[in-house]
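Q: Could you take a close look at the charged side chains here and walk me through their surroundings? I'd like one connected story, ending with what the neighbouring parts of the fold are doing.

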Amino acid sequence: AYVAPIYPEIARMARKEGVVILEAVIDTEGRVVNLRVLRSEPLLDRAARDAVRQWKYEPTLLSGTPVPIVMTITVRFTLS
C-alpha cells in the first residue's frame, strides 16, 4: 500500500523540490522495518521517511518462503 508523502510547509514556502533516496529493509510480511537515507534533501527527508514507513509490500518469496530484502526507494517532491 502506498502512502503519499506530505509536502512540508517550510519546503513548500522555500519552493524546495528534490529527490530523497532511501534504502529500506522489507521484512517477511512486507513491512518496511529499517530505513536509511542515501541521498538527502534536508527539508524533505523526514516527510519521505514518514511516508515510506507506512508502505506495505507483497512479501518476497524464495523457493516459496518469505524472505527479507533490501531495496532502494526514490521519493520525488515536485511543486505544482
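A: Arg46 counts as exposed, with 61% relative accessibility; keep in mind that this is a predicted model. Its salt-bridge partner is Asp50, and the closest N and O atoms of the pair lie 3.9 Å apart, which is within the 4 Å cut-off for a salt bridge. Asp50 is partly exposed, at 36% relative accessible area. Both residues sit in helix H2, four residues apart, so about one helical turn separates them.

That pair belongs to a total of seven salt bridges. Another one joins Lys16 and Glu41, with 3.0 Å between the closest N and O atoms. Here the link runs between distant parts of the chain, 25 residues apart: Lys16 is in the loop between helix H1 (9-13) and S1, while Glu41 is in the loop between S2 and H2.

Now for the loop between S1 and S2, where Asp27 is found. Asp27 counts as buried because its relative accessibility is 11%, and the limit for that label is under 20%. What does the side chain of Asp27 reach at 2.9 Å? It's the backbone nitrogen of Glu29. Arg31 is partly exposed, at 40%. Put together, Asp27, Glu29 and Arg31 are linked in a network of salt bridges. Setting aside neighbours within four places in sequence, Asp27 is also in contact with Val33, Val67 and Pro68.

This loop belongs to a hairpin: S1 and S2 have five residues between them, and Gly30 in the turn has a positive phi of about 85 degrees. The two strands pair in the antiparallel sense over six bridges. Within that pairing, Leu22 has Val37 in S2 as its bridge partner, and Ile21 stands opposite Arg39 in S2. Zoom out and you get an open sheet of three strands, ordered S2-S1-S5, with antiparallel pairing. S2 and S5 are the edge strands, each pairing on one side only. From one strand to the next, the twist averages 30 degrees. H2, the helix that carries Arg46 and Asp50, packs on this sheet, touching S1, S2 and S5, and its direction makes about 155 degrees with that of S2.

So what about the buried part of H2? Asp45, Ala47, Ala48, Ala51 and Val52 are the buried residues there, and their cover includes S1, S2 and S5. Val52 is also one of the members that touch the most others in the largest nonpolar core, along with Val32, Trp55, Val75 and Phe77; that core has 18 residues. Two or more of its residues come from each of strand S1 (18-26), strand S2 (32-39), helix H2 (45-52) and strand S5 (69-77). Val75 shows how the pieces meet: not counting residues up to four places away in sequence, it touches Pro5, Gly18, Val19, Val20, Ala48, Val52 and Trp55.

How values were computed: Residues numbered from 1 in each chain as written. Predicted model: local features only at pLDDT ≥ 70, side-chain atom pairs only at ≥ 80, totals over all residues. Heavy atoms only, no water. Core = buried A, V, L, I, M, F, W, Y, C linked by side-chain atoms within 4.5 Å. Buried < 20%, exposed > 50% of the residue type's maximum accessible area, 1.4 Å probe, protein only. Contact = heavy atoms within 4.5 Å. Pairing = 2+ DSSP bridges. Axes fitted to C-alpha atoms, helices over the stretch in contact; angles between N-to-C directions. Polar contact = N/O pair within 3.5 Å; in protein donor to acceptor, adjacent residues only side chain to side chain. Salt bridge = Lys/Arg side-chain N within 4 Å of Asp/Glu carboxyl O.
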